Amino acid sequence: MSNYGKIDILMTYSYNYEQPDVSAFVEFREKCGWGRLDEETAQRTLTVGKVNVCAFDGAKLIGFGRIIGDGAIYFYVQDLIVLESYQWQGIGEAILTRLLSKTRKIAATGAIVGLMSTVGTEPFYKRHGFVARPNDKLGAGMMLSL
C-alpha cells in the first residue's frame, strides 16, 4: 500500500525553564478552565516554583508545568497544563520530562516527587514512574481546601 498522498506534519514547539509572564499565565489558566487569578495572586504562586517549564508555539504560551517544594527532599508537581487544542501532541510529555530532569539535578538523595492527578491521567504519570496511592507503603493521598 502506498503512502503517497498521506501527509505527516511534525510540529515543533519551544520550551524554556522560566516563569511565564504573569498576565500570560492568568490568561492561560483561564483558557484552560483552571479559573481566573488576580495578577498579585498569580505572581505569588509563580514565585514559589522550584522548576518551571513553559511550552510555546511561536510567542503563544501553549503549555506550562511547575514543581513546587522545599528544594531538597520534597517536591510536588503543582501544575501541568496544556491548551486543549494542543493536547495529544506530546507537549505534556515533553513538559513533565523536562520538569523531572531538572528536579533530579537539584534533589537530594532519597527525595520524592508527589502529585494529585486528575481522573484518567494516572497512566500518563505511571509511565514516568509515579505510583498510585493508596497502597500499603504510602497510605492515602489527602487534601484540605481552604
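This report walks through a predicted model of one protein chain, from its overall build to a few selected residues.

## About the model

Residues are numbered from 1 along each chain as its sequence is written, and side-chain values use heavy atoms, with hydrogens and water left out. Because the model is predicted, local features need pLDDT of at least 70 and side-chain atom pairs count only at pLDDT 80 or more, while totals for chains, interfaces and linings use all residues.

## The overall build

Let's begin with the whole chain. Its secondary structure comes to four helices and five strands; here helices (H or I, at least four residues) and strands (E, at least two) are DSSP runs, numbered from the N terminus. Along the sequence, the pattern reads β-α-α-β-β-β-α-β-α.

Of the 146 residues, 30% count as buried (buried means under 20% relative accessible area, exposed over 50%, partly exposed in between, with a 1.4 Å probe and protein chains only). The chain exposes about 10000 Å², and carbon and sulfur atoms supply 54% of that area (areas come from the Shrake-Rupley method with a 1.4 Å probe; for residues, only the protein chains shown count as cover). Among contacts (heavy atoms within 4.5 Å) with a separation of 6 or more, 56% are between residues 24 or more positions apart.

## Thr 45 and its neighbours

Thr 45 sits in helix H2 (residues 39-47) and is partly exposed, with a relative accessible area of 23%. Not counting residues up to four places away in sequence, Thr 45 touches Phe 25, Leu 37 and Arg 66. Thr 45 and Ile 68 are 23 residues apart in sequence, and their C-alpha atoms are 9.5 Å apart in space.

## Two surface patches

Patches are made of residues with over 30% relative accessible area and no salt bridge, joining like charges within 9 Å and nonpolar side chains (Val, Leu, Ile, Met, Phe, Trp, Tyr) within 5 Å. A salt bridge is a side-chain nitrogen of Lys or Arg within 4 Å of a carboxyl oxygen of Asp or Glu.

Ile 73, Tyr 74 and Ile 112 make a nonpolar surface patch of about 290 Å². Ile 73 is found in the loop between strand E3 (60-69) and strand E4 (74-82), and is partly exposed at 33% relative accessible area.

A patch of negative charge gathers Asp 21, Asp 38, Glu 39 and Glu 40 on the surface. Lys and Arg count as positive and Asp and Glu as negative, while His and the chain ends are not counted; a charge is placed at NZ of Lys, CZ of Arg, CG of Asp or CD of Glu. Asp 21 lies in the loop between strand E1 (14-16) and helix H1 (22-31).
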